[in-house]
Amino acid sequence: MSSVISEIRKDFIYNLLLKGERVDGRTFDQYREISIERDVIRKAEGSALVKLGSSQVLVGIKMQPGEPFQDTPNRGVIITNAELVPLASPNFEPGPPNEVGIELARVVDRGVRESKAVDLEALCIVPGKQVWIIFIDVHILDDCGNILDAASLGAIAALLSTKVPASRFGLGEDYMLPINDIPVATTAIEFSDVLMFDPGVDEESIANTKLTVITTAKGEICGMQKSGKGLLKPEQIYRIVDIACEKAREIREKFLEA
Amino acid sequence: MIAMDKSDISFFKDGLRLDGRRADQLRPIRIEVGVLARADGSCYIEMGGNKVIAAVYGPREVHPRHLQEVTRAIVRYRYNMASFSVEERKRPGPDRRSYELSKVSREALEPVIMTSYFPRSVIDVFVEVLQADAGTRTAGINAAAVALADAGIPMKSMISSCAAGKVADTIVLDPMKEEDNFGQADLPIAMTPGGDITLMQMDGGLSPDEFHQAVEMAMKGARDIYEMQRAALVEKYGKLEASTIEVKACE
């Protein structure tokens, strides 16, 4: 939504859309090809490289013992960060995270947190004193659109392959991070009354509005975020939610379960 | 949302909520227009225990210059919490939460602001949360929308914002602090009086059916708030309107 797009390109996309087509030949609710490679970083406790079409996002998980929050003395802590490094897009600039990066990290975090994907109580070492801190670090490598879905997918895929490094800190044997749920984020854009899922970078830049819906394995909605300066009608939101639930189930079954 | 000791709190007593409200009832709201002398437009709002003040400056020159847009005004929105607005002192200055809220709040208002009337300029919206009691972003947006109108910024419509939540498996309107902290879901929305949605966020857990119910409840709340925003503006500017009506009556 921030990138520059020529009027001609915009017209082209718009005219295709009127014919019910998309630039890359997909249907409006079709995702690009997804591939997830796990354990790509040996130094990390868990990691995943997600490719969503040409978009590439790397998520690394690091864990270390630390102090719990005062109001949750018996629970582990999740800290999510996103780096929109300038190598990933001509629109990204070096420096501290801007509001787009912060929003991305917070929505990824919302999915993991609100679905209660990680069994945080199992990450208590000494109640009130020491718990495991999980750092979810999202590194965008190539922004070809919809990096939010890719980042969310990467986060849960990486968590699923995370091994708690207990032995390194003299806390017994390493064990797999206990995971209770598999949240999946699905994003659609709205452009002149058409809803398109998994937008490419050009589609994102012509859209006014984006809606991300995060669903749990049970088919409940656990997080949502509208982004962009546009309007959505309630019926459009309900339709996005319906399709999002279905898409999330497909993605979860194919890439994250088993 | 922290899920702890939910069982210790009972959210309903004799079918009413902790503060005596029905499930579909808003907290008391007070809106005052034009409370700041220096600002071009301003509004003070109380929504339950929330006390929020909004100021609008502009359209005015953009600084830094490179941010200016040739075809339209840019809109900036700064959501800020006073350090004394919450139980435990908040470190002053913006944090990640306030960056995100500023972004979504700005995007909730921008669709109705006629920015193309003011190329190369900026419309600044500053929102200060003086006292927080769950629902500060919705209170901020409600105040900001009224402040924009007070500043005379051309808008396609008003924006009204309200949240619905889920506590003890019941969908409730406009959650207060306890319900927000220990509840099962929170769904803030903002919309135009025509029912177009400009802000939508959600956390917690809702089935698709509950989601429908919550959206409808929040929309009804927003419609009621719209009437109050309108009344507050008429209260300040109504005298002008009344005099025109009188003239018409004479003719």
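Reply: Both faces of β11(A) are covered: Thr209(A), Leu211(A), Val213(A) and Thr215(A) are buried on one side, and Lys210(A), Thr212(A) and Ile214(A) on the other. Here a residue is buried if 20 or more other C-beta atoms, placed from the backbone, lie within 10 Å of its own. The strand spans residues 209-215, and seven of its seven residues are buried. Strands are DSSP runs of E with at least two residues, numbered from the N terminus.

The model is predicted: local features need pLDDT of at least 70 and side-chain atom pairs count only at pLDDT 80 or more, while totals for chains, interfaces and linings use all residues. Residues are numbered from 1 along each chain as its sequence is written, with chains lettered from A and ligands numbered from 1 in the order in which they are written.

As for pairing, which requires at least two DSSP bridges between two strands, β9 of chain A (residues 184-191) runs antiparallel to β11(A) and is joined to it by seven bridges. Within that pair, Thr209(A) is the bridge partner of Glu190(A). β11(A) also pairs with β12(A), in the antiparallel sense, over six bridges; there Thr215(A) has Ile221(A) as its bridge partner. Five residues lie between the strands of the hairpin formed by β11(A) and β12(A), in which Gly219(A) takes a positive phi near 90°.

β12(A), residues 221-227, in turn pairs with β11(B) in the antiparallel sense over four bridges. Gly223(A) stands opposite Asp203(B) of β11(B).

Conventions: Buried ≥ 20, exposed ≤ 12 C-beta atoms within 10 Å, placed from the backbone.
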